[in-house]
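Please work through the following exercises with the sequence and the model at hand, and try each task before reading its solution.

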Amino acid sequence: MTVVSRALPCSNRANRTSAPHRTRTTRVRGRTTLLAAGTAALALALSACGSGGTSGGSGNTNFITGADGIATVKKGDRKPAPDLSGRTIDGKQLDITSYKGKVVVLNVWGSWCAPCRAEAPNLVKVAKDTAGKGVQFVGINTRDTSTQPALAFEKRYGVPFPSLYDPSGKLMLRFKKGTLNPQLIPTTIVVDRDGNIAARALQALSEEKLRKMLDPVVAEK
């Protein structure tokens, strides 16, 4: 329930003892004030999420979002990735902790998602190119009501890496608030060799942007 819908019943109750013409005026003024407040709050929230220029994360998140939309965290300030384990879309069990010591690229996607289809060839190419450099790609398939569309998606694009099946988004909710958590579909997250979140992009990625996001983490010692 929004602030407006919560506040309006209180305003109605308060005005029941007033004259009819004054009640309507008060109600309109109340709505106008609440809508103005809601608009201001929404504008503030949207500006905080913007990726133009560079900006630090709120609180002690310590991440910086560049003009390219890629958010990064210095090595000493990174937070651990959550437990991401479960059944894959092809029925196997997977736990990303088994890839510790490798750089892990997590991609949140859905077969129904047009931007996911657009970026799929780029993910496939970079995954193949970096497999020999200690990089492991892992998908998180979400909002597909069955695994069949997801499997068809992987076959169509020749996806060489596994994907956890997360139709209700439970795995995404395991990311702690204030970390580089997935907020949109698609989202790509890079986890460093120590299992900490190093970078995030809330957008479909070109091959160039994906490499720009991944290469510095791969180069870390």
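**Exercise 1.** Describe how helix 3 and helix 4 pack, giving the angle and the distance between their axes.

**Solution.** In this predicted model, helix 3 spans residues 114-130 and helix 4 spans residues 147-157, and the two pack at an angle of about 50° with their axes 10 Å apart. Angles under 35 degrees would count as roughly parallel and those from 65 to 115 as roughly perpendicular, so helix 3 is oblique to helix 4. The crossing in which helix 3 passes helix 4 is right-handed.

**Exercise 2.** List the residues that make the contact between these two helices, and sort them by class.

**Solution.** Helix 3 contributes Cys116, Arg117, Ala120, Pro121 and Val124, while helix 4 contributes Phe153, Arg156 and Tyr157. Sorted by class, this contact of helix 3 with helix 4 holds six nonpolar residues and two charged ones, with no polar residue.

**Exercise 3.** Find which cysteines are joined by a disulfide, and determine its handedness.

**Solution.** A search of the whole structure gives one disulfide, and it joins cysteine 113 to cysteine 116 with an S to S distance of 2.5 Å. The torsion about the S-S bond of this pair is about 80°, and the disulfide is therefore right-handed.

**Exercise 4.** Are cysteine 113 and cysteine 116 buried or exposed?

**Solution.** A residue counts as buried under 20% relative accessible area. Cysteine 113 has a relative accessible area of 3% and is therefore buried, and cysteine 116, at 2% relative accessibility, is likewise buried.

Technical notes:
Residues are numbered from 1 along each chain as its sequence is written. This is a predicted model: local features need pLDDT of at least 70, side-chain atom pairs count only at pLDDT 80 or more; totals for chains, interfaces and linings use all residues. Side-chain values use heavy atoms; hydrogens and water are left out. Axes are lines fitted to C-alpha atoms, for helices over the stretch in contact, and angles run from 0 to 180 degrees between N-to-C directions. Helices (H or I, at least four residues) and strands (E, at least two) are DSSP runs, numbered from the N terminus. Angles under 35 degrees count as roughly parallel, over 145 as roughly antiparallel, 65 to 115 as roughly perpendicular and the rest as oblique. A crossing is left-handed if the near helix is turned anticlockwise from the far one by less than a right angle, and right-handed if clockwise. Contact means heavy atoms within 4.5 Å. Ala, Val, Leu, Ile, Met, Phe, Trp, Tyr, Cys and Pro count as nonpolar, Asp, Glu, Lys and Arg as charged, and the others, Gly among them, as polar. A disulfide is a pair of cysteine sulfur atoms within 2.5 Å. Buried means under 20% relative accessible area, exposed over 50%, partly exposed in between (1.4 Å probe, protein chains only).
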